[in-house]
Amino acid sequence: MPHPDMLPNVTHRLVPSSAGRIHLAEQGSGPLVLLVHGFPESWYSWRRQLPALAAAGYRAVAVDVRGYGRSSRPEAVEAYRAVELVADNVAVVEALGETSAVIVGHDWGATIAAHSALLRPDVFRAVGLLSVPYTPPGGPRPSEVFAGMGGEEEFYVPYFQEPGRAEREIEPDVRGWLAGFYAALSADTMPAPGAPDPHFVTPGKTLRDRFPAGRLPSWLSEADLDAYAAEFERTGLTGALNRYRCMDRDWEDLQSFAGAPVTQPSLFLGGALDASTTWLADAIEAYPTTLPGLRGSHLLEGCGHWIQQERPDEVNHHLTTWLAGLPD
């Protein structure tokens, strides 16, 4: 791939939001499709979707979520609450001169997309979720759930939630850490069944101790890794990790939406080898209740977590087919 700023026909701009500014990459014209990335990525994770959506007649816009890349990075942890990220997405739609959009998210971006559709159905007319199934707000407090996982081992979410802790592991070698993390959750490089699970930390150890080493997944070139690493080397990881540190605050903020379905037309795409889909199989089974507007749910066999990068052609096919069938 060429340098991220040199991708053909992709326009970059900064637009105002309550965070300060949101950076976006845009290609094509037509109905707006807003693409929201997850952790630890950037707008660049949609590099294979921007041209495909543009070719299909859409205005494809991939953002850097606040805290990432060239978007603003507020200092306060509470600035990364779901309600703030929803407001950023609305601000992007308005700054682009539009009144509505289809929103598609991957990983944390899927949760942000679902919350955007839930809180602002007047703006987001349809929602696509990649890798992380929709689970309605409510239920037990997240920190209590995560604290009970793993037995003597520690689940990665509480590990990420402790301010400064993951930063101390990642920031001395951002590129190496990212390479290991991407490999750990990719179908062709993830640890074999029965090997220590990279989602958990051994007491006294780091998350990285369980990452595979020495081989990049097939979807990730050295240049792609450079693109991701360069951004995080410049920004640090705190803005990205603050999303994890707001989970209890989101639980409080969204109490009035406890159990609420997302009713707009929706799509779910997951990797059959992704822990996000296997652990949350019950959430997928609940879709008739939680996503009553669901128009497609597809598990891609032999695919890991980074679905739109591992399987761009399949994802693009499902996205464009779904988009073509949406009401105007």
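Let's start with N89. Is N89 buried or exposed in this predicted model? N89 is buried, because its relative accessible area is 4%, and buried means under 20%. Where is N89 found? N89 is part of helix α2, residues 82-95. Leave aside the neighbours within four places in sequence. N89 is then in contact with L34, V36, I103, I112, S116 and F124.

Next, T290. T290 belongs to helix α13, which covers residues 287-290. T290 has 9% relative accessibility, so T290 counts as buried too. Again, skip neighbours within four places in sequence. The contacts of T290 are Y134, P136, P261, V262 and A283. Take Y134. In sequence, T290 and Y134 are 156 residues apart. In space, C-alpha to C-alpha, they are 7.5 Å apart.

Now the rings. A pair of aromatic rings is described by two things: the distance of the centres and the angle of the planes. The count here comes to 25 aromatic pairs. One of them is Y68 with F232. Their ring centres are 5.9 Å apart and their planes sit at 70°, so this pair is edge-to-face.

Another pair is Y159 with F160. Here the centres are 6.4 Å apart and the planes are at 45°, so the pair is tilted. Y159 and F160 are buried as well.

Last item: a charge and a ring. The charged end of R243 sits over the ring of W108. The distance to the ring centre is 4.6 Å.

Key:
Residues numbered from 1 in each chain as written. Predicted model: local features only at pLDDT ≥ 70, side-chain atom pairs only at ≥ 80, totals over all residues. Heavy atoms only, no water. Helix = DSSP H or I, 4+ residues; strand = E, 2+ residues; numbered from the N terminus. Buried < 20%, exposed > 50% of the residue type's maximum accessible area, 1.4 Å probe, protein only. Contact = heavy atoms within 4.5 Å. Phe/Tyr/Trp six-rings, centres within 6.5 Å; stacked < 30°, edge-to-face > 60°. Lys NZ or Arg CZ within 6 Å of the ring centre and 35° of its normal.
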